[in-house]
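I opened my notebook for another look-through today. Here is what I looked up, entry by entry.

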Amino acid sequence: MLQRPRRNRKSEVIRQMVQETHVSAANLIFPLFIVEGNDQKTEVSSMPGIFRYSIDHLLREVESCMKLGLRSFDLFPNIDEALKDKYATESHRDESLYLRAIREVKKEFPESCVITDVAMDPYSSDGHDGIVENGEILNDETLEVLGKMALAHARHGADIIAPSDMMDGRVGYIRQVLDDAGFSHVSIMSYTAKYASAFYGPFRDALNSAPKFGDKKSYQMNPANQREALIEAGLDEAEGADFLMVKPGLPYLDVIKLLKDNTELPIAAYNVSGEYAMIKAAVRNGWLNEQRSVTEVLTSFRRAGASAILTYHAKEVLENKWL
C-alpha cells in the first residue's frame with residue numbers, strides 16, 4: 001500500500017503542521033547541524049546565529065526549542081573527510097554520528113518530530129548526491145545506497161524521511177524498502193522541486209559538502225523551469241510521498257503555488273541558507289527591519305500554499321514572539 005493518508009494524521013505534531021491557516025510554531029521546521037565530539041558549538045560564519053552542535057549541545061538546543069513550542073527538526077551532519085568514500089558507507093554505518101543523533105533526540109524527546117536528510121553528498125568523497133563513475137552520476141545504482149540510508153534512519157527513530165538527492169525513482173524505492181522492513185508508518189517528505197540554485201552556499205559551508213568537481217545541474221532542476229515541477233510532483237505522489245517540498249523558497253513561490261493547486265498533498269518550502277544570510281546581512285547593515293522582514297517572508301510561504309516551512313529563523317521568531 002503506497003498511499004497511507006493516516007501517516008499525515010499519526011501525531012499531534014504532524015496534524016498541526018498541515019493546517020492551512022496562519023504561521024505558527026506548528027508550521028515551522030528547524031534545520032540543525034551536527035558535528036562529532038563533545039561540548040562543541042561553533043557558529044557558521046556565513047549564517048549568523050546558526051551553529052554546528054555536538055550531540056550533547058544538540059540535545060540542549062532541542063530542549064530549548066521544545067519549550068518554545070518548536071517541535072520539528074531536520075538534522076544535517078558535518079562528516080569528517082576521513083570518513084567519506086565513493087559509496088557514502090558512513091551514511092548507514094551503525095553508531096555513526098548521524099544515527100546516534102537521531103536516536104538520542106528521539107530518546108530524550110519522543111514527542112518531537114525528527115526529519116532526516118537522505119542524500120549521499122555529506123558522506124561522499126565526491127561531494128555529489130549520487131555515485132560517480134567517469135564524471136557521470138549513476139541514478140539506479142545510487143538508489144540502493146539511499147535505501148540503506150533511509151532504513152537506518154527509520155530504525156533509529158526518524159519520523160519523516162526527506163530524500164534531497166533528486167535521483168529518479170528514489171521515492172518509490174525508499175517507500176518499498178521502508179514498507180518491506182515494517183516501517184509503513186514512517187513518512188516521506190520528498191524534495192520534489194529542488195533547483196540548481198545559487199542560494200545553497202552557506203549550507204555547503206556549514207557541512208563542508210560542496211561537490212569536488214562540476215555542479216549538480218544534471219540532477220537538480222533548471223531554475224528557468226516551472227511546469228517541469230509538475231512532472232516531478234506527479235511521480236513523487238504516485239511513488240508514495242506524503243509531503244512535496246520546493247527548494248529554495250523565495251525565488252520559487254510560483255512553484256509552491258503551482259504544486260499547491262495541483263495536488264492534495266501538503267507542500268513544504270525550504271527557506272534556504274542563502275535567503276537567511278541575505279536577511280541577516282541586510283539587518284546588520286541597518287537596511288531592513290528584521291522582525292518585519294522575517295515574518296513577511298514566512299507569511300509569503302504560507303500564502304503561496306506551504307503547510308510546512310523549513311527555516312533557520314524558526315527559533316528566533318518564537319523566542320522574540322514575532323508570530
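Leaving aside neighbours within four places in sequence, which residues is isoleucine 34 in contact with? I found Tyr53, Ile55, Leu58, Leu75, Phe76, Pro77, Asn78, Leu97, Tyr98 and Ala101; contact means heavy atoms within 4.5 Å.

A note on the model before I go on. I am working from a predicted model, where local features need pLDDT of at least 70 and side-chain atom pairs count only at pLDDT 80 or more, while totals for chains, interfaces and linings use all residues. Residues are numbered from 1 along each chain as its sequence is written, and side-chain values use heavy atoms, with hydrogens and water left out.

Entry: isoleucine 34.
I placed isoleucine 34 in strand β1, residues 28-34. Helices (H or I, at least four residues) and strands (E, at least two) are DSSP runs, numbered from the N terminus. Isoleucine 34 has 0% relative accessibility, so it counts as buried. Buried means under 20% relative accessible area, exposed over 50%, and partly exposed in between, with a 1.4 Å probe and protein chains only. I also checked alanine 82: it is 48 residues from isoleucine 34 in sequence and 17 Å away in space, C-alpha to C-alpha.

Entry: asparagine 27.
I found asparagine 27 in the loop between α1 (12-17) and β1. With a relative accessible area of 1%, asparagine 27 is buried.

Entry: alanine 158.
Alanine 158 sits in the loop between α4 and β8. Its relative accessible area is 5%, so I logged alanine 158 as buried. Not counting residues up to four places away in sequence, alanine 158 touches Ile102, Val114, Thr116, His153 and Val186. Serine 96 is 62 residues away along the chain, and the two C-alpha atoms are separated by 15 Å.

Entry: helix α5.
Which residues of α5 (170-180) are buried? I listed Arg170, Val171, Ile174, Arg175, Val177, Leu178 and Asp179. The cover over these buried residues includes β5 (113-118), α4 (139-155), β8 (160-163), β9 and α7 (228-239). After α5 comes glycine 182, with a positive phi near 90°.

Entry: α8 against α10.
I looked at where α8 (253-260) and α10 (290-304) pass: their axes come within 8 Å and cross at roughly 30°. Axes are lines fitted to C-alpha atoms, for helices over the stretch in contact, and angles run from 0 to 180 degrees between N-to-C directions. The two helices, α8 and α10, are therefore roughly parallel to each other; the cut-off for that word is an angle under 35 degrees. Leu253, Ile256, Lys257 and Lys260 of α8 meet Ser300, Phe301 and Ala304 of α10. By class, this contact has four nonpolar, one polar and two charged residues. Ala, Val, Leu, Ile, Met, Phe, Trp, Tyr, Cys and Pro count as nonpolar, Asp, Glu, Lys and Arg as charged, and the others, Gly among them, as polar.

Key. Parallel < 35°, antiparallel > 145°, perpendicular 65-115°, else oblique.
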